[in-house]
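Here is a short note to read beside the model. The points are numbered for reference.

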Amino acid sequence: MSSSSETNAASEPSPAPSTRVLRQFRVVFNSVKTHFRQVEREAGVGGAQLWALSVIDRRPGIGVTDLARELDIHQSTASNLIKSLVERRLVATSREGTDRRSVSLRIQPAGADVLRSAPLPFTGVLPDALSALDADTLARLEHDLSKLIALLEADETSANVMLSQM
């Protein structure tokens, strides 16, 4: 870079704080979107499906209710995820125990193959990064994002919609 262009860059005013934060949101969203694309390309399933597969693999026999709880999604969303995984023969369902209404989920060989081909983290890059933050940072983020959500007058029922499904 020539010294005249360095001077021009140095003399440009710094963006407003709101612009800098907007850029940070763009970086976060683009990281999430890039990961979901990579999952789809390498594993052939969506991010939510991959996360569900990983939970079922880790907890053979898990039920739909517990899966929904672990993924922090509505039970009907979990049921729809399972339906697509069963149709693709990645997961099998069975009725076990005394309550024949409850369904147990087990990964199938094709599902295990998907997990082997999928990029990490199975949970997605944002949940993985958030889980790596310390408690004080998470508390500040939660507090500050609550203020932003209030200003947006956002529908908070969307909190249980997976990012990969947006």
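**Notes on the predicted model**

1. Leu130, Leu133, Leu138, Leu141, Leu145, Leu148, Ile149 and Leu152 make a nonpolar surface patch of about 580 Å². A patch joins nonpolar side chains (Val, Leu, Ile, Met, Phe, Trp, Tyr) within 5 Å, from residues with over 30% relative accessible area and no salt bridge (a side-chain nitrogen of Lys or Arg within 4 Å of a carboxyl oxygen of Asp or Glu). Areas are Shrake-Rupley values with a 1.4 Å probe.

2. This is a predicted model: local features need pLDDT of at least 70, side-chain atom pairs count only at pLDDT 80 or more, and totals for chains, interfaces and linings use all residues. Residues are numbered from 1 along each chain as its sequence is written, and side-chain values use heavy atoms, with hydrogens and water left out.

3. Helix 8 (residues 135-152) gives the nonpolar patch its largest share, six residues. Helices are DSSP runs of H or I, at least four residues, numbered from the N terminus. Leu148 lies in helix 8 and counts as partly exposed because its relative accessibility is 33% (buried is under 20%, exposed over 50%, partly exposed in between; 1.4 Å probe, protein chains only).

4. His35, in helix 2 (residues 17-43), has 6% relative accessibility and therefore counts as buried. Beyond its neighbours within four places in sequence, His35 is in contact (heavy atoms within 4.5 Å) with Pro119, Leu120, Pro121, Gly124 and Val125.

Technical notes: Helix = DSSP H or I, 4+ residues; strand = E, 2+ residues; numbered from the N terminus. Patch = residues over 30% accessible without salt bridge, like charges linked within 9 Å, V, L, I, M, F, W, Y side chains within 5 Å.
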